[in-house]
Amino acid sequence: MLAILHPDTPMDSDAYRTTLNFLENLPGVSVHVHEIQGATQRLTEVYLLGNTKGLNKEDIEALSAVERAIRISEDYRILGRHKDDNRQNGFIYNGVEFNQSNLNIFAGLCAVDVPEHVEQMMQALEQHGEVCTRMGAYKPRTNPYSFQGHGKGCLPWVFEKAGKHGIKVVAMEITHESHIEEIDNCLEKLGRPTGVMLQIGTRNTQNFELLKAIGRQSTYPALLKRGFGITLNESLNAAEYLASEGNANVIFCLRGMKTEAGQPHRNMVDFAHVPTVKRLTRMPVCIDPSHSVGSRDRAPDGILEVMHATAQGVVAGANMVLVDLEKALVDGPQALLMNELPAYLEDIRLCHDTWKKRQAIYKTVKDSMAK
Ligand code: PEP
Ligand code: MN
């Protein structure tokens, strides 16, 4: 059971105290309080876990601080959608909104190499009005002798350049808990010129200790990549680990599945799951066409397959695109070229508009069936 308190209920109010006191004394029930700071108000959700079958929804709703109660299913308690659950989805981070209706593009470097390339990239993004990017500093590589990323050494100049070019959010994969502190210390020292979204790579989707560490902090939102060899349910549960530790600002990223059947693509593109993740959870959904397709092969219509895959995900309602751009020391063969960026951005906007129009078309059908 989930009890949602009236917005902005002060924690030192009588209503809050008596309500929490009542809930905490329910036999066999443990209480987990979750605070969400929205754009205009603070919401408090109180999760009642354990022996909740005997609880009466009306009794909980009668408590003075409670606005409404929702009976939640076992799966994805915090991030999931439940019956009669019209809670908000998404969050605002560093002035950028992320939700299940809008779209943000994170084009950038798979791995940061030299300052000149970062400068060129961010300049191009700024010119096109983009305020987000991806920059890899800690790279998990299959081969131990491959370039592993510059690590914390590149953070100062990457963050400074981001700030200089108006980049508000940098998606950056971390592979160890200590990287959170490295990023935080560096940003703090520089006066927080930009923001960071902590990316959890597909090889770490079920690294539960890393998930818990990222979940324990709420300064940075998280971008969780789907595990490439596990079920969707298992990956969604991994996302729930972040939320269960306190950080529900999570974006779920589809990046393809590892199977020979996907060839000649690097992975089997799984963007048909975009609407599915939105149906099962309240997370904004990201697609990573670069790591899914993994090549610059061009279809006879003149359009790269990686662009076609992007279109498929965005037309189906994706909320974020994470894509590799040229100058990458890692994954160069799959990266888009800088001069392809304007057309690509235009294509993505067209697809996002198409998704909105598709909703309008089907709404008339849905409305006529409801009559
Ligand atoms: C990446 O985004 O650079 C990356 C390593 O992705 P994945 O974890 O999906 O392989
Ligand atoms: Mn990569």
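This is a predicted model: local features need pLDDT of at least 70, side-chain atom pairs count only at pLDDT 80 or more; totals for chains, interfaces and linings use all residues.
Visitor: Which class of residue has 7 members in the shell around ligand 1?
Guide: The residues around ligand 1 include Cys110, Gln199, Gly201, Thr202 and His291. Arg134, Lys139, Glu173 and Asp288 are also among them. By class, the shell has 1 nonpolar and 4 polar residues, and the 7 others are charged.

Visitor: Which residue has a polar side-chain atom 2.6 Å from an oxygen atom of ligand 1?
Guide: A polar side-chain atom of Gln199 lies 3.0 Å from an oxygen atom of the ligand. For His291 the corresponding distance is 3.2 Å. The distance of 2.6 Å belongs to Arg255.

Visitor: How much of the area that ligand 1 exposes when taken alone does the protein bury?
Guide: Taken alone, ligand 1 exposes 300 Å². Of that area, the protein buries 97%.

Visitor: Which strand gives the largest share of the lining of the largest pocket?
Guide: The largest pocket has a volume of about 670 Å³. Of the 34 residues lining this pocket, Ile36, Gln37, Gly90, Phe91 and Asn249 are the closest to its centre. Strands S2 (29-37), S3 (42-50), S5 (91-93) and S6 (96-98) each give two or more residues to the lining. The largest share, 4 residues, comes from S2.

Visitor: How many residues of the lining of the largest pocket are nonpolar?
Guide: The lining of the largest pocket has 5 charged residues and 14 polar ones. The nonpolar residues in this lining number 15.

Terms used:
Residues are numbered from 1 along each chain as its sequence is written. Chains are lettered from A and ligands numbered from 1 in the order in which they are written. Side-chain values use heavy atoms; hydrogens and water are left out. A residue is near a molecule or strand if one of its heavy atoms lies within 4 Å of it. A polar contact is a pair of N or O atoms within 3.5 Å; within protein, one must be able to donate a hydrogen and the other to accept it, and residues adjacent in sequence count only if both atoms are side-chain atoms. Accessible areas come from the Shrake-Rupley method with a 1.4 Å probe; for residues, only the protein chains shown count as cover. Ala, Val, Leu, Ile, Met, Phe, Trp, Tyr, Cys and Pro count as nonpolar, Asp, Glu, Lys and Arg as charged, and the others, Gly among them, as polar. On a 1 Å grid over the protein atoms alone, a cavity is a set of points where a 1.4 Å probe fits but cannot get out, and a pocket is an open set with protein on both sides within 12 Å along at least five of seven lines; lining residues have an atom within 4 Å of a point. Grid points are joined across faces, edges and corners, and a volume is the space filled by probe spheres set on the points.
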